[in-house]
Amino acid sequence: MRDEVGGDEAATDASSDAVTEDEEEEEEEDNAEGEEVVVVVMPEVEVEVEVPDIYVLEVVKEFDHDHLAFTQGFLYNQECSSEEASCKDMFYESTGLNGQTSVRMVNAGTGRVEAKTMAEQRFFGEGLTRWGEKLYQLTWQSGATLVYDAETLEFLEETKTDLKDGWGLTNDSSHLIATDSGHTLYFLDPETLKTDHKVDVADGDRRVKYLNELEHVEGEVWANIWMRNCIARIDPATGKVKGWIHAADLTAKELVKSDSLGRRYTMDVLNGIAYDPATKRIWLTGKQWSTVYEVKVVPLSSSPSLSATLDLNQVRRECIV
């Protein structure tokens, strides 16, 4: 008896639901017939894609450079004498090759090596930066980082980072910034030399690898690209390449000079950026180059001859490995 009553009640409810649904459908049809349907077409939004700017070089001055120096790290230092009440422009320089690795103080005006400390035969020197009163020199494939007194170049200790290799090195006053042959900038804790964070470097959707000698310039990281006549201007917060410095003409100028002096080497490539934040001066050199060039970085548009033959696609082909 209880099941039958329950069945009747369920049937009644189902019939009621059906009537209600039919009424709602009829009401919706009536409303649809009486209403005008408005279709809103949204305008297409153009997404602006940022592309790197292109820069070229103007040579300001030329200075002598030890053509045997296999330059791996290069940075500016102003040396002042209280006795003479004067200052002079100097470079710290790291050189590579086993048996030839050194850290040097070089007179920028004359090219004379005024002080030098040699490393052990087993080390192949790489990038160099100054942190406080110390110089840090990365080494290739050994995992070692060599530490020197910045005033005397006295060797202090051997330590290590957590990188798989050592290539370029600079700093942003908060971290040491290093590369290891790939497409990544590693931000190292200056006290522990361990990676605090890292960013991958790319031009659009293309990774930019072989980041070599580094310099921190006005909030950007500038990176030589190994075996390329190019310097990438990188946003250190995002890893995005903001600009390319095309230096093929500078390299060609140096190679002509090297040929005339009978000093052509197999690895005499662009590799060395120094920057003086006080005067905004920029110097470039290379491995076993005879010259350090003080340069001015200018937009491609300022050079009509290069503008006629050079565009972003060409630069990307030359600069991205």
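Trainee: Before we start, what should I know about the model and its numbering?

Mentor: This is a predicted model, in which local features need pLDDT of at least 70, side-chain atom pairs count only at pLDDT 80 or more, and totals for chains, interfaces and linings use all residues. Residues are numbered from 1 along each chain as its sequence is written, and side-chain values use heavy atoms, with hydrogens and water left out.

Trainee: How many helices and strands are there in the protein?

Mentor: Helices (H or I, at least four residues) and strands (E, at least two) are DSSP runs, numbered from the N terminus. Here there are four helices and 22 strands.

Trainee: What share of the 321 residues is buried?

Mentor: Buried means under 20% relative accessible area, exposed means over 50%, and partly exposed lies in between (1.4 Å probe, protein chains only). In this protein, buried residues make up 46% of the 321 residues.

Trainee: How do I read strand pairing, say for E6 and E7?

Mentor: Two strands pair if DSSP finds at least two bridges between them. E6 and E7 pair in the antiparallel sense over five bridges, with Arg130 opposite Leu135 in E7. Their hairpin has two residues between the strands, and Gly132 takes a positive phi near 65° there. On to the next pair: E7 and strand E8 (residues 144-149) are antiparallel too, over five bridges, and the partner of Leu135 in E8 is Tyr148. The hairpin of E7 and E8 has four residues between them, and Gln141 in the turn has a positive phi of about 65°. Strand E7 (residues 134-139) is mostly covered, with five of its six residues buried.

Trainee: What about positive phi at a residue that is not a glycine?

Mentor: Most residues other than glycine have a negative phi. Leu153 has a positive phi of about 65°, and it is found in the loop between E8 and strand E9 (155-160). Met227 also has a positive value, near 65°, in the loop between E17 and E18.

Trainee: Are those two residues buried or partly exposed?

Mentor: Leu153 counts as buried because its relative accessibility is 0%. Met227, at 34%, counts as partly exposed.

Trainee: Which residues touch the most other members of the largest nonpolar core?

Mentor: A nonpolar core is a set of buried Ala, Val, Leu, Ile, Met, Phe, Trp, Tyr and Cys residues joined through side-chain atoms within 4.5 Å. The largest one has 26 residues, of which Leu185, Val201, Val208, Leu211, Ile225, Ile234 and Trp244 touch the most other members. Among the elements that each supply at least two residues of this core are strand E1 (53-64), E16, strand E17 (220-225) and helix H4 (312-319). Apart from it lies another core, of 16 residues, among them Tyr55, Val217, Ile245 and Ile282.

Trainee: Why is E16 described as largely enclosed?

Mentor: Six of its seven residues are buried, so E16 is largely enclosed by the rest of the structure. E16 and E17 pair in the antiparallel sense over five bridges, and Glu215 has Trp222 in E17 as its bridge partner.

Trainee: Where is the centre of the largest pocket, in terms of residues?

Mentor: On a 1 Å grid over the protein atoms alone, where a 1.4 Å probe fits, a pocket is an open set of points with protein on both sides within 12 Å along at least five of seven lines; lining residues have an atom within 4 Å of a point. A volume is the space filled by probe spheres set on the points, which are joined across faces, edges and corners. The largest pocket holds about 400 Å³ of space. Of its 22 lining residues, the closest to the centre are Asn171, Glu215, His216, Tyr275 and Pro277.
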